[in-house]
Amino acid sequence: MTAQEPNAKRTFRIRFARTGPAAWIGHLDLMRVFERALRRACLPAAFTQGFNPHPVMTFALPLGVGVETRDDYAEIGLSEDMDPALFARRLSAALPEGLAVSQAQAVASEGGPGLMARVRAAEYRLEFPGASAACRRLLDRMARPGDDGALPVEKKGKDGVRTLDLRPLVLSLDPAPPALPAAGPAGGVAQATPVSARESARDALSALVAAGSRENLRPDLLLDALVRYAGVPEAVAGNARILRTGLFVDGPGGTLVRPM
Amino acid sequence: MTNFPTGVPPVELPRRLLRSVEKPARYVGGEWNQVRKDNRDGALTRFAFCFPDVYEIGMSHLGLRILYGLLNDREDTACERAFAPWPDMAEALRREGIPLFSLESRTPLSAFDFVGFTLQYEMSYTNVLLMLRLAGIPLSAAERGLRDPLVIGGGPCAVNPEPMADCFDLLVLGEGEEVLGELLDLYGAWRRAGRGAFQAVLSDGTPVSGEGREGFLLAAARIPGIYVPAFYDVDYLPDGRVASVRPNRPGVPERVLRRVVAHLDRAPLPTRDLVPNLEVVHDRVFLELFRGCTRGCRFCQAGFIYRPVRSRSPGALAAGAREALAATGCGELALLSLSTSDYPALEPLADTLLADMEPRRASLSLPSLRIDSVSLGLLDRASRVRKSGLTFAPEAGTQRLRDVINKGVTEEDLVRAMGQAFAGGWNGVKLYFMLGLPEETDDDVAGIARLARAVETQYRSLPRETRKRPLSLTVSTSVFVPKPHTPFQWEPQIPLAAMKEKQRTLRGLLQGKSLSYQWHEPATSFWEAVLSRGDRRLWPVIRDAFEAGCLFDSWDDRFRLETWLAAMERHGLDPAFYANRVRDPGEVFPWDHLDMGVDKSFLLEENRRAHAGVLTPECRTACSACGAACFGAGVCVGEEAAG
Ligand code: SF4
């Protein structure tokens, strides 16, 4: 955890986006990509001790391979203080195609659960032909009482395949989400995140689902449910664009708020 | 995704496809320092740099990094990359009817002007065919027309490209930095003339002209270092040996002399290196200290085909290192050369680098060191924490056999150095040996085990307090593969059964708690021996093997010897003819017209000295007049890296 690391004098929370080719980078590799960007930008990253020093860095919620994001967060330890806006700008400029940092802010480093442990929900936008109609069919099913409205899907885990009911994990579904703004999240820089107007206007649905270390609904499982219960052809679901559009943590009085 | 600035529309890569394959990041590009040029009007010459193996291997290769930067520095050229798709991706591309494309702009390879392969090992030949096939480019040069790309090759296997000669429109012999520029200049002239009748002047002042693809190739064949296989006829003796290789067009040179860059400091160091988005085999920036090697170990092809030794100056290296670390953000820099300890100013250079890197928390790695007190000191300073693996290559188990191969290392040196290493806190040692060297006897094989035991004894002789961690001693053997342009090019490889027998013997001798034995799959070494000294009659065999499914042959678990043997048999060829035959001193080799600068008579004399167990001094001690002085460069003319 960032706060406990002896070398970190300060912790910055960053908000970032990843689209395009960067969407295909695996989670561990993404850490290395950030590490190299920190070095290229000559930012005062704090390093862990030991054989293989690497920057003190945690991601709020790892992203699956092939999943894009417009609204994601990570925390990075710094060995000395600096202007957060400058940090964000310099880091963003040193990231490869498809990755961009829009904001950074210093976070209190005393105690409390880390960002990762506080994540509760994520919002995904799924784009594919027939998304709106499929979303409505899924909503109809979920409105049915009892087991008739359940969404059991098979989930492959460490200990084999088990059946999981997705209904309690789906917090809300929107069959007609607004088109994505061409730029990144409000106030964002989102340079090098080429999402054309044509692309964001596609048939889409938006889903707010449980996320984090306690309960987590991966977007590919939601696509499985759309195949099984909303008649989406498998080939179409397999080609869907998956975009994380929001990540939420516990707010005051049980509300969900964005981390920044 | 984004608008790709090329004149040819990019291929569509469905998400479904990328989600179905292992490590999709291999196929999407977008790395830091990637160069993507605006070529919407198609004004730039398109050069596809192709590495016939997976991304993680290809991206670890220094040659790619050098030439990618160099070609993209040209205003008239856009160099992009392609790698061999792993079988899952190859299958997916076939299924979806998607042609193989470049990473930068996703342009189909068939739309490139040049499709250039680097041939690093013979066992990648079928992957060259895979990439051409997936790109829809005819496999044989003779089948290609005016609209097809020029398929070119280079790299170490180009010193005997004969088994693949029919595949390539042309090959580049030696270092590419200068000759590729000359080739692209000539191509520019042809392209401006609409690939019709053209005139140009080569860099040495020679006027050339011609028409069509053949005209261009005829002009290209006059560039020193360019080999156009179609312009040479090979005649065979009734027994299958080569009778002669002769040019079949006027103006084509009898022999093609390899190109060398005389002054390395004038050749750019790659600093704006590509930074892969996924972990590759060698995930670090390389600093090339020098080219060539003075040692002349008789089995080692690199020791003869890169002569003479030419060094970069320490000042240029230190500056290049600083720049490369800043431009890439890599946390590790590796010194690269065939024998790092031979760099004249190694210690001061390493100390300068370490002083620079320490505050950046970057680490220095020093492969290919001779293990002695100097290098142990260096390694100690370079790795403050990790002290696990030391590697050392005695290559042969006895002094007699080491003299045969001209490896000037004594058992005493080795054991003493190991003692120093153990005392200094190292506990892991890996020893490399070769099996099946010329003149090898059973005693030499047993000698490998004796040497390992001597190292073990050395460890045990240390006081207990020094031995904090248990010894981990690994012996690794590979099978000797006789290579063209070496003193052992006349030698037979031992038969497959003998390889297995020797490995079995060693397995028995190398039992023990702290000992482990690793060996290479003998079948791949056997096939490497067939291909490396092969002739043009092997081309249909390679095609057949490819059509029958052979791919990624350098991967032991994918290599299919039976398929290759069946293909040989279909074409009436015997693999033993290539791998296991003793060649006559007077035999004409398929590669004799390709001149590395080292005289065949020198190689033959070295062969004689090998059998007599006579050592030959390295270049700095005494010049043996190998012939490489014809390049007038480096160690031959007394040029050493200045301080
Ligand atoms: S000519 Fe002499 S110095 Fe030059 S490479 Fe040959 S042996 Fe070495």
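B:L129 is buried, with a relative accessible area of 0%. Buried means under 20% relative accessible area, exposed means over 50%, and partly exposed lies in between (1.4 Å probe, protein chains only). The structure is a predicted model, in which local features need pLDDT of at least 70, side-chain atom pairs count only at pLDDT 80 or more, and totals for chains, interfaces and linings use all residues. Residues are numbered from 1 along each chain as its sequence is written, chains are lettered from A and ligands numbered from 1 in the order in which they are written, and side-chain values use heavy atoms, with hydrogens and water left out.

B:L129 sits in helix α5 of chain B, residues 125–135. Helices (H or I, at least four residues) and strands (E, at least two) are DSSP runs, numbered from the N terminus. Ten of the eleven residues of α5(B) are buried, so the helix is largely enclosed by the rest of the structure. Among them are B:Y125, B:V128, B:L132 and B:A135. B:G136 follows α5(B), and its phi is positive, near 75°. Contact means heavy atoms within 4.5 Å. Leaving aside residues up to four places away in sequence, B:L129 touches B:L139, B:M164, B:C167, B:W539, B:I542, B:R543 and B:F546. B:F304 is 175 residues from B:L129 in sequence, and their C-alpha atoms are 29 Å apart.

Helix α7 of chain B, residues 212–220, was examined next. Seven of its nine residues are buried, so α7(B) is largely enclosed by the rest of the structure. They include B:R213, B:F216 and B:L217. The buried residues of α7(B) pack against strands β4 (150–154), β5 (170–172), β6 (197–201), β7 (207–211) and β8 (226–227), and against helix α6 (176–192), of chain B.

B:N406 lies in a loop of chain B, between α12 (399–404) and α13 (411–423). B:N406 is buried, with a relative accessible area of 6%. Its side chain reaches the backbone nitrogen of B:T616 at 2.9 Å. Beyond residues up to four places away in sequence, B:N406 touches B:R295, B:G296, B:C297, B:R298, B:L615 and B:T616.

Chain B also meets chain A. The contact takes 33 residues from chain B and 31 residues from chain A. The area buried between the chains is about 2800 Å², and carbon and sulfur atoms give 51% of it. Buried area is the accessible area (1.4 Å probe) that two parts lose on being put together, summed over both. Four salt bridges are counted between chain B and chain A. A salt bridge is a side-chain nitrogen of Lys or Arg within 4 Å of a carboxyl oxygen of Asp or Glu. One of them joins B:D283 to A:R36, with the closest N and O atoms 3.4 Å apart. On the side of chain B that touches chain A, α1 (15–20) and α9 (314–328) each supply at least two residues. The largest share, four residues, comes from α1(B). The residues of this side divide into 15 nonpolar, eight polar and ten charged. Here Ala, Val, Leu, Ile, Met, Phe, Trp, Tyr, Cys and Pro count as nonpolar, Asp, Glu, Lys and Arg as charged, and the others, Gly among them, as polar.

Methods. A polar contact is a pair of N or O atoms within 3.5 Å; within protein, one must be able to donate a hydrogen and the other to accept it, and residues adjacent in sequence count only if both atoms are side-chain atoms.
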